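Colleague: Please show me the model. I have some questions about its chains and how they meet.

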Amino acid sequence: MIELVSYGAFFLTLALTFGIMCLGLNVQWGQTGLFNVGVAGFVGIGAYVSALLTTPSVPEHLGGFDLPIVLGWIGAAVAGALASVLLGALTLRLRSDYLAIATFGFAIVVQLAALNLQSITGGPFGISFIPRPFGALAGDPLVFGLLNLGVVSVVTIGVYAALEHLMRSPWGRVLRAIREDEQAAAALGKNATLFRIQAFAVGGAIMGLAGAVQAHFIGYISPEGYVPILTFQVWAMLIVGGSGNNRGAILGAVVVWAFWAASGAIIAAIVPPEEQARASALKIVMIGIAICVVLLLRPRGLLGELKTVSRHIEDGKA
Amino acid sequence: MNAQIIMDGLIAGSMIGLGAVGITLTYSILRFANFAHGDMISWAAYFALAISTALGTLVPGLSQPLGPFSFGWSLPVGLLTAIICTGLLALLVDWLLFARLRQRGGAVIILVMAGFGAALTLRSFLEFVFTSKPAYFTNALQIARPLFAGAHATPDQLLGLGIAVVLVVLVHLALTRTPAGRAMRAVSENQALAGLAGVNVAKTIRVAWVFGAGLAAVAGVMAGLLVQIRPHMGHDLLLPLFAAAILGGIGSVPGAMIAGLIIGLAEAFCVQFIGAEWRAAVSFIVLVAILLLWPQGLFGKKTT
């Protein structure tokens with residue numbers, strides 16, 4: 001029973017860290033229509049920045065600076081935002097799909113840097129001994145698990161509440177206006193490119209934060225954690241859950257992660273070891289098909305976007 | 001020694017160029033960045049591998065090396081089959097996915113997203129069937145021959161370079177001198193207007209898919225012959241392909257080829273002077289530089 005609860009807490013904590021990534025992607029894609037193919041890159045930057053800031057100093061690579069975890073998380077969000085502003089400023093004034101290509105390349109470069117800049121990132125060995133919240137209580141898995149679930153839940157709810165507020169604010173309404181009809185928004189004096197860069201940066205900051213939160217929960221990071229498959233997972237979560245809807249983003253993360261973890265466990269149990277790589281390739285085929293099918297048949301996902309977010313209109317109707 | 005770097009760069013660049021010509025065609029006519037193009041390259045290589053292996057097993061004489069090359073007649077036959085199969089595959093994906101989304105008339109970015117899903121499916125399916133173990137068309141070893149100024153290349157590599165150049169000239173002529181090519185250019189300029197002027201837009205889009213897929217097939221077989229065949233081979237080429245298509249100017253066939261050669265050369269110099277581990281970053285740096293300085297590309301038209 002205790003094991004079940006600890007596993008449940010572990011599962012949910014991890015799922016919620018994906019949920020935060022999804023919330024970040026939702027600002028970019030769901031609300032602004034910006035296609036980011038480099039989610040893994042932004043998450044990875046956040047994880048590495050926070051790990052470097054908070055781990056104790058080691059001789060093998062640069063840092064750590066042994067700072068408090070909270071400072072690491074803030075640093076991660078700032079790094080995510082900074083990278084997004086640079087990429088956004090570069091591409092968003094051009095064609096809408098140049099951002100997709102640039103983020104695709106960005107994720108490759110982040111992965112490459114994590115792997116090759118051994119003196120900063122520890123190279124293929126990654127960074128270990130990342131401080132975990134309530135690490136002193138790690139001896140009692142149940143209490144430790146529940147406390148961590150609490151921490152991650154608080155972060156998720158905080159991000160969710162902030163985004164809901166932003167979405168309903170004038171700023172959020174401008175984003176939707178630009179997505180739906182850029183010319184009309186421009187005619188009202190809104191600088192579409194500037195708003196897009198801002199939205200992209202907010203999303204990137206949240207992804208960086210999510211990467212940091214996840215890294216501190218697991219306690220160890222390495223370049224393999226930030227390969228393109230992570231981007232695909234986060235996308236599948238958002239599309240399934242319902243892009244444009246913050247609750248959908250979190251729900252999608254839990255549902256897809258449950259599917260992913262369960263099918264992983266089933267494959268491990270019934271498929272012979274030499275065929276497991278094949279079986280997991282098939283799992284990815286299914287995720288790819290799921291993305292396409294949802295796009296074709298149910299573009300709004302499980303929970304669709306709310307039609308109106310302005311309290312003025314809602315009040316008027318009542 | 002420097003001549004060798006240039007030779008290596010040109011050979012790698014001709015593969016990138018071929019793929020980029022396919023990307024630039026579909027990009028300018030279908031109007032979206034197709035992330036599944038790289039996986040067409042991989043599928044083509046596996047189509048050719050399946051056919052040429054089957055032929056070689058059935059008729060052992062067909063896998064006897066031809067002249068100075070490392071492969072027998074089974075590979076050219078495999079290549080032709082792969083071009084047809086990859087074309088059909090592209091039409092199938094278009095019919096299943098892109099055509100339906102086009103009909104709905106949503107934003108371009110939905111098509112990009114769908115291509116991304118299709119790419120994932122296609123690539124992982126290859127991995128499922130063939131596993132991620134690398135495969136080769138032949139086991140024959142080739143000795144690189146001395147050419148000029150100390151540069152060496154194998155006959156296979158020179159053949160690939162030659163085929164790439166000839167194909168680009170042919171595609172360029174096809175686009176500028178034939179009715180189908182004119183129709184494609186008209187559709188890429190203005191789809192609605194081309195339709196009004198009597199161009200069959202749906203058919204032209206199909207022709208563009210087949211053209212792009214055919215070029216992807218040649219690039220895939222070439223990459224498979226000169227490097228190796230892996231399910232991820234096309235995906236790994238995708239960033240250089242996009243960078244080359246944008247550097248050359250979207251829609252410009254000679255531009256894509258020249259840009260492909262430039263990126264191949266840049267990669268070769270990076271491998272020599274900075275380190276092979278940074279090779280994949282070259283395309284990104286080139287991409288950032290073009291978008292920053294010269295977003296319309298070398299031969300592209302200024303767009304608003």
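Modeller: Two residues are in contact if their C-beta atoms, placed from the backbone, lie within 7 Å. This is a predicted model: local features need pLDDT of at least 70, side-chain atom pairs count only at pLDDT 80 or more, and totals for chains, interfaces and linings use all residues. Residues are numbered from 1 along each chain as its sequence is written, while chains are lettered from A and ligands numbered from 1 in the order in which they are written.

Colleague: Among contacts in chain A between residues at least 6 apart in sequence, what percentage join residues at least 24 apart?

Modeller: Chain A holds 13 helices and 0 strands. Helices (H or I, at least four residues) and strands (E, at least two) are DSSP runs, numbered from the N terminus. Among the chain A contacts between residues at least 6 apart, the share joining residues at least 24 apart is 77%.

Colleague: What is the radius of gyration of chain B?

Modeller: Chain B has 11 helices and 2 strands. The globule rule (2.2 Å times the number of residues to the power 0.38, with the radius taken over C-alpha atoms) gives 19 Å for 304 residues. Chain B is close to that, so it is as compact as a globular protein of that length; its radius of gyration is 19 Å.

Colleague: Which residues have the most contacts inside the largest nonpolar core?

Modeller: A nonpolar core is a set of buried Ala, Val, Leu, Ile, Met, Phe, Trp, Tyr and Cys residues joined through C-beta atoms within 7 Å. A residue is buried if 20 or more other C-beta atoms lie within 10 Å of its own. The largest core has 199 residues, and those with the most contacts inside it are A:Cys22 and B:Ala44.

Colleague: Which helix gives the largest share of the side of chain B that touches chain A?

Modeller: The contact takes 33 residues from chain A and 35 residues from chain B. On the chain B side, helices 3 (74-104), 4 (108-130), 9 (233-248) and 11 (279-293) each supply at least two residues. The largest share, 15 residues, comes from helix 4 of chain B.

How values were computed
A residue is buried if 20 or more other C-beta atoms lie within 10 Å of its own, exposed if 12 or fewer, and partly exposed in between; C-beta atoms are placed from the backbone.
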